Amino acid sequence: MLTRTVGVDDLDAMVATLEADQVVALPTETVYGLAARAVSRRAVERIFQVKGRPADNPLIVHAASAEAALALCTDVPGYVPRLAASFWPGPLTLVLPSGVAWPWVQAGHDTLGVRVPRPAYLRQLLRRVGPLAAPSANRSGRPSPTTAAHCLADLQGLIPLVVDGGPCAGGMESTVLDCTGPDPAILRPGPVTRDDVRRVLGSPGTGTPDAPPRPAPASPGTRHPHYRPRARVVLADDAAEVTEPDAMTIAPVLTGVRHPRRYADVEELARNLYAWFREADALGVATIYVQRVPETGLGAAVMNRLHKAAAPDG
Ligand code: TXA
Ligand code: MG
């Protein structure tokens, strides 16, 4: 199959492909997604095939507006509209009891993960074709793509269309929040932080993400092996000390290392981390040293991904 690349202004090409029940790789504010019309079993099954995704891992449904997203759900707790008003469009996925019967999207669960993405072109597209199911546009076991080139590296020849919108603004996948109970629980840390949620929902008992911690059903995706570069990932307190020649070193301050990747702040680390992992694989380095960041704010999401990359068992 020939894979064509278009810009974000070519909505007609996206609409034609999606309405033919085919899949499209496209940029969101977090990472690139592999999108198909959520109503179409055939199209969504193609996502699982192309990615090599385990069948028990549900997909996030993207909608044009909060109204459109919440219309797909039922038994919506009172705190949810406040989250939607504060963080949508944006990098927050809400898991709610499903009001639709899309087993091909829900992968055996009775819930649905929904979010309203930020890019204007994408919300325009969603208004034209309806809700889109979209996981990250990588082959399973690879890092999430943050450029069109990453999508092509994994999926060229397997999908008809890639939308090139340049590098993603954020670079980390959305926060996934379980909203099926009286208080939300974070299933996957992301750009919308625990403090962000707490600021909006206020004091404990009125829907805070951590009080009391209720046993959250683990996000199904957390059971599956996660991406690890071929290189060993080592978290360091001071990566600037590393002198090993056959290594990539990711840190704020770097002198004299062979493959330096410098970040000024945690936002810059989040934006570039997956691209650097892919570069390390391409270079064939033996070790990637990454200087730790504090596990607060966006740092919680970055360290969550780094711990998984560094874990001996994935
Ligand atoms: O930023 C993002 O979230 C990107 C962009 C494309 O939107 N998407 C993304 O999708 O990262 P994916 O499939 O790579 O990760 C979705 C995560 C998985 O861990 C999945 O298990 C979880 O969300 N998830 C989806 N639906 C769920 C549900 N109904 N209940 C619990 N977890 C769910
Ligand atoms: Mg993914």
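Modeller: A residue counts as buried when its relative accessible area is under 20%. Please keep in mind that this is a predicted model.

Biologist: Then is Thr193 buried or exposed?

Modeller: Thr193 has a relative accessibility of 11%, so it counts as buried.

Biologist: Where is Thr193 placed?

Modeller: Thr193 is in the loop between strand S10 (185-188) and helix H8 (194-201).

Biologist: And what is Thr193 in contact with, leaving aside its neighbours within four places in sequence?

Modeller: With those left out, Thr193 is in contact with Gly297 and Leu298.

Biologist: Now the sheet. What is the order of the four strands?

Modeller: The order is S11-S14-S12-S13, in an open sheet with parallel pairing. Strands S11 (232-236) and S13 (259-262) stand at the edges; each has a single partner strand, so one side of each lacks a neighbour in the sheet. On average, neighbouring strands are turned by 20 degrees against each other, direction ignored.

Biologist: How many bridges join S12 and S13?

Modeller: Strand S12 (residues 247-251) pairs with S13 in the parallel sense over four bridges. The bridge partner of Met248 in S13 is His259.

Biologist: Which strands does helix H9 touch?

Modeller: Helix H9 (residues 266-283) packs on the sheet and touches S11, S12, S13 and strand S14 (287-291). The direction of H9 makes about 175 degrees with that of S12.

Biologist: And where does helix H10 lie?

Modeller: Helix H10 (residues 298-310) lies across S11 and S14, and runs at about 130 degrees to S11.

Terms used:
Residues are numbered from 1 along each chain as its sequence is written. Chains are lettered from A and ligands numbered from 1 in the order in which they are written. This is a predicted model: local features need pLDDT of at least 70, side-chain atom pairs count only at pLDDT 80 or more; totals for chains, interfaces and linings use all residues. Side-chain values use heavy atoms; hydrogens and water are left out. Two strands pair if DSSP finds at least two bridges between them. Helices (H or I, at least four residues) and strands (E, at least two) are DSSP runs, numbered from the N terminus. Axes are lines fitted to C-alpha atoms, for helices over the stretch in contact, and angles run from 0 to 180 degrees between N-to-C directions. Contact means heavy atoms within 4.5 Å. Buried means under 20% relative accessible area, exposed over 50%, partly exposed in between (1.4 Å probe, protein chains only).
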